[in-house]
Amino acid sequence: MQRDLVLRARNGDRDAFTALAAGAFDRLHRTARLILRSDDQAAGAVQESLVAAWLHIRAVRDPDRFDAWLHRLLVHACYREARRSRQRAVLEIPMATPDERGNGDAQEQTAMRDQLDRGFRRLTPEQRAVLVVHHYLGLPDAEAAVVLDIALGTFKSRLHRASDVLRAALEADDRPPTVAKESIA
């Protein structure tokens, strides 16, 4: 079904492209949100990637790899959006909603989500992208490297470094604060 839509879109069928975009929109937005940590920036990156996809749909050589191609466009759009946002950074404190599944203590889940969010914010967009493509999208290393448009070895080293930075950030949050002892002179 998707292959047929891609082929039709490559031939200029707007309805086919609209169906492809509608089917991918939620997944693209969730991925961009994880990389950029902002709904507004994610929406901008998704829009930019879909416009680029329509403009360059004829560049899709293998219709079966359309999703990987579209994710590559999205990741690059996220990088550009992150560069633009550095100029106009605004601190936003979102209110976390309790997990609707009801598993475990809602307060504990909110605290874990908050800690993970703080750790993720310490990463660069490139580090977040590597983690999102690997863990959230669940792509194998070789395919993830293609999506990010980097060599496989580069992907593996970035994944390792990003994991180390995230782990260190989470461990730093777990350490109790230390109080400096004042000396009496």
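A residue is called buried under 20% relative accessible area, exposed over 50%, and partly exposed in between (1.4 Å probe, protein chains only). The model is predicted: local features need pLDDT of at least 70, side-chain atom pairs count only at pLDDT 80 or more, and totals for chains, interfaces and linings use all residues. Residues are numbered from 1 along each chain as its sequence is written, and side-chain values use heavy atoms, with hydrogens and water left out.

Begin with the aromatic rings. Rings of Phe, Tyr and Trp (its six-membered ring) pair if their centres lie within 6.5 Å; planes under 30 degrees apart are stacked, over 60 edge-to-face, and the rest tilted. This rule gives two aromatic pairs.

Select phenylalanine 17 and tryptophan 54. Their ring centres are 5.1 Å apart and their planes stand at 55 degrees, so the pair is tilted. Phenylalanine 17 belongs to helix α2 (residues 14-36) and tryptophan 54 to helix α3 (residues 39-55), so that distant parts of the chain, 37 residues apart, are linked; helices are DSSP runs (H or I, at least four residues), numbered from the N terminus. Phenylalanine 17 is buried at 9% relative accessibility, whereas tryptophan 54, at 28%, is partly exposed.

Next, select phenylalanine 66 and tryptophan 69. With centres 5.8 Å apart and planes at 40 degrees, this pair is tilted. Both residues lie in helix α4 (residues 66-86), three residues apart, about one turn of the helix, and both are buried.

Proceed to arginine 37, in the loop between α2 and α3. Arginine 37 has a positive phi of about 65 degrees although it is not a glycine, and its relative accessibility of 15% makes it buried.

Finally, select aspartate 149, in the loop between α7 (141-148) and α8 (152-174). Aspartate 149, not a glycine, has a positive phi of about 60 degrees.

Conventions
Helices (H or I, at least four residues) and strands (E, at least two) are DSSP runs, numbered from the N terminus.
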